[in-house]
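This report goes through one protein model.

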Amino acid sequence: MSIIYGVCGNHQFVFVRPPKPQNFSHNRKSKLQYRFEGSIATNPSSFSSQTPVKEHKLIVRAASAASSAPLDGSEQLLGAKPKQKTQRIAGIDQDEIDDPTLIADADSCFCEFNGVQLHHKICDAELSDPDTLEEQSNSQSLNRVKGANFPMILLHGFGASVFSWNRVMKPLAEVVRSKVVAFDRPAFGLTSRVKAVDSTPLNPYSTMFSVLSTLYFIDFLAAEKAILVGHSAGSLIALDTYFEAPERVAALIFVAPAIFAPFSMRKKNQGGTNNEIQGNSSGSNASENPFSRLCSILSMFTKNIAAAILHMVKGTSDMINALYKKALSVVLRSTFGVILIRMIIDKFGIAAVRSAWYDSNQVSDHVLEGYTKPLKVKGWDRALVEYTVAMLTDSASKPKPSLAKRLTEISCPVLIVTGDTDRLVPSWNSVRLSRAIPGSCLEIIKNCGHLPHEEKAEEFVSIVDKFLQKVFGAAEEPRLQTVS
């Protein structure tokens, strides 16, 4: 090893040259890479102790010219930090546990319903001291006690869990002055992943199972009715629960609802009136003009033939659609389908969470941890596949009444809350939905994305509070009556 001192202008340098490695030969197939690493040093022999000297180590590396590996000398020379690996949340080689309770929170609870361990949380209102309540005004006391008869059940959306309601559970409990429950639907959160069997009467990953689970929690709370709050796809569960047992639902609150209302809502009496007018006019013409009667008969015959053809085509289409969905279910349940699900979640999971917010910079590590923690439970991938298959099966089942008709039959109070910059379910869909549901209230939160209850928690709770006071406390507080 040799040491070389040098001066360049006002700079003083010390070069430390390592010894030449043995059996090292220069040839055209090898190349040299030089890397300089700077540090502050002082040379007491040749320079003043007051003068800083930059010490550089000259490192020689030999690499084959045939190698395609990138050289990192330029990055270290410029002081650039090495690139960080992309965060993996669903890697095939990641560690996963069998028991969800091992990563549950301190306030987590589990109960069994139809063979499934449902993870849930319960938040009760922190009732004030009775003496304090007596000091409050009578109108405020009456209004608060009025809502105590109705607990609240929170239904999360696709890919979410109880964690999604973390910021609003306690404030909502104070609003309703009762218990608030949030539970993880099968395939999500920390609810157990059970094996789905097609022969079982009730698929745990089906919509009906979630509906019956919601009714189960109403009974669990020993309540006659409950206020259902559904976010995104959870709004569909809330809606179906209402139609399954409308007498058990006190009010519906849809948050960024993934319920796509029809573009136009036809009035029931409109079609009948038009048909009657057409029938009367055709009959009158037929009695006066035989040619018109013949045309009417031919027209009716043509319509019947067309209807028969359309029915046959529709039947063929339904058969092809059913076969397609069955084939797709087989592919999804295969090893390839499970790996594909993991790849999609791993690639786009975090990006999807960030895109749900108006300002993605506000998505903290705590939020990402809350959404990705359920992926640490073994079997989450196959459960998500079964959930997807169940959705296909539900859509292929016997047809339900049209959504337009069902929405007009809702008679309980309805609140719809959405963000003005929702990228997943645009706010205009909520506007259409509010027009389709008679007497519903619509609130649009500014500078808010798909998660109003997370991104604008305080404003969301305030909107819910005013709505419940309006629909349940109007008799006690005339100032809350609607001004026409």
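A residue is called buried when its relative accessible area is under 20%, exposed when it is over 50%, and partly exposed in between (1.4 Å probe, protein chains only). The model is predicted, so local features need pLDDT of at least 70 and side-chain atom pairs count only at pLDDT 80 or more, while totals for chains, interfaces and linings use all residues. Residues are numbered from 1 along each chain as its sequence is written, and side-chain values use heavy atoms, with hydrogens and water left out.

**Overall**

The protein chain has 484 residues, of which 39% count as buried. It contains 15 helices and 12 strands; these are DSSP runs numbered from the N terminus (helices H or I, at least four residues; strands E, at least two). A contact means heavy atoms within 4.5 Å. Among contacts with a separation of 6 or more, 74% are between residues 24 or more positions apart.

**Nonpolar cores**

A nonpolar core is a set of buried Ala, Val, Leu, Ile, Met, Phe, Trp, Tyr and Cys residues joined through side-chain atoms within 4.5 Å. The largest one has 35 residues, and the members that touch the most others are Ile153, Leu252, Phe254, Leu407, Ile410, Val414 and Leu433. Helix α5 gives the largest share of this core, 5 residues. Another core of 32 residues lies apart from it and includes Val180, Val417, Ile463 and Val464.

Phe254 has contacts beyond its neighbours within four places in sequence; among them are Gly230, Leu239, Val414, Ile416, Leu433 and Ile437.

**Helix α13**

How many of the 10 residues of helix α13 are buried? The number is 7, so the helix (residues 427-436) is largely enclosed by the rest of the structure. Ser427, Asn429, Ser430, Arg432, Leu433, Ser434 and Ala436 are the buried residues. They pack against β10 (249-255), α12 (403-408), β11 (414-419) and β12 (441-445).

Most residues other than glycine have a negative phi.

Alanine 187 is buried, with a relative accessible area of 6%, whereas alanine 222 counts as exposed at 71% relative accessibility.
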